[in-house]
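Welcome! Please take a moment to look over the sequence and the fold before reading on.

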Amino acid sequence: QPTSPPIQQNPITPPPALPATGPARLELKVTGPPQAAVGGTAPIQISIRNTGDAPATGVVLRDDFDPKLSFPAQPTSKGIERSIGVLAPGQTHQEELTFYVNAEGRLCHHVTVKFAEGSPVAKSHCVNAVGAAAQRQGGLKVSISELAAATLGQPARLTFTVENTGQ
C-alpha cells in the first residue's frame with residue numbers, strides 16, 4: 001500500500017495583541033475670582049475631563065459651598081448635585097455656576113466628582129468676600145452774599161459761594 005505523506009500541521013498563530021485600554025480617569029479643575037464684594041456675585045467655572053482610555057459612566061458633580069454663599073436657583077441649599085452621565089475618553093464637561101455673596105470672609109466651594117469606574121476626585125476653590133464699598137453721599141451748599149443797598153438801574157454786586165458738603 002502506498003503511504004501518503006504525513007499531513008503537515010502549521011502552528012496556529014494568535015491574532016496580534018490589541019493595545020491595552022486603560023480605565024476612565026477624571027481630571028477636575030475649579031476656578032473663579034479670588035475676591036468678591038458682599039452683595040455681589042462670585043462665579044466659579046468647573047471643568048471635568050476624562051483623560052482615560054475608557055468611558056466614565058455615572059458621572060455626578062457635587063458642590064458643597066459655604067453657608068455665606070447662595071445659589072439663586074436653590075437659595076436655601078448649601079449644596080448642588082448634577083448628573084453628568086457619560087464622559088467619553090477625551091471629552092470635557094464644563095459648567096459655570098454663579099453665587100450670591102452674602103457676608104464677608106473666606107468662602108469656599110468643595111467640588112467632588114464621582115463616577116462608576118473609579119474613586120471620586122475633589123478640588124476646592126475659595127473666594128475672599130470683602131465688604132461692599134460704602135456709598136458716598138453727595139451734597140452741595142449754595143449761598144449768596146447779602147445786598148446791603150442798591151440803586152435802581154445801577155449794577156449790584158453779589159457773591160455766590162458753592163461748597164461741596166458731600167463725603
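Here is a short tour of a sheet, a cavity and a surface patch.

This is a predicted model, in which local features need pLDDT of at least 70 and side-chain atom pairs count only at pLDDT 80 or more, while totals for chains, interfaces and linings use all residues. Residues are numbered from 1 along each chain as its sequence is written, and side-chain values use heavy atoms, with hydrogens and water left out.

**The sheet**

- Four strands make up an open sheet in the order β1-β3-β7-β5, and their pairing is antiparallel.
- β1 (26-31) and β5 (69-70) stand at the edges with a single partner strand each, so one side of each has no neighbour in the sheet.
- Strands here are DSSP E runs of at least two residues, numbered from the N terminus, and two of them pair if DSSP finds at least two bridges between them.
- β3 and β7 run antiparallel and are joined by nine bridges; I46 has E95 in β7 as its bridge partner.
- β5 pairs with β7 (residues 92-101) in the antiparallel sense over two bridges.
- Opposite L69 stands V101 in β7, and opposite S70 stands Y100, also in β7.

**The cavity**

- A cavity is a set of points on a 1 Å grid over the protein atoms alone where a 1.4 Å probe fits but cannot get out; lining residues have an atom within 4 Å of a point.
- Grid points are joined across faces, edges and corners, and the volume is the space filled by probe spheres set on the points.
- One cavity of 30 Å³ or more is counted by this rule, and the largest cavity holds about 30 Å³ of space.
- Its lining consists of P33, A42, P43, I44, L69, H109, H125 and V127.
- β3 (41-50) and β9 (118-130) are the elements that give two or more residues to this lining, and β3 gives the most, with three residues.
- The lining divides into six nonpolar, two polar and no charged residues; Pro, Ala, Ile, Leu and Val are among the types counted as nonpolar.

**The surface patch**

- L140, V142, I144, F160 and V162 form a nonpolar patch with about 560 Å² of accessible area together.
- Patch residues have over 30% relative accessible area and no salt bridge, with nonpolar side chains joined within 5 Å.
- Accessible areas come from the Shrake-Rupley method with a 1.4 Å probe, and a salt bridge is a side-chain nitrogen of Lys or Arg within 4 Å of a carboxyl oxygen of Asp or Glu.
- β10 (140-144) and β11 (160-164) each give two or more residues to the patch, and β10 gives the most, with three.

How values were computed
1 Å grid on protein atoms, 1.4 Å probe; cavity = no way out; pocket = protein on both sides within 12 Å on 5 of 7 lines; lining within 4 Å. Patch = residues over 30% accessible without salt bridge, like charges linked within 9 Å, V, L, I, M, F, W, Y side chains within 5 Å.
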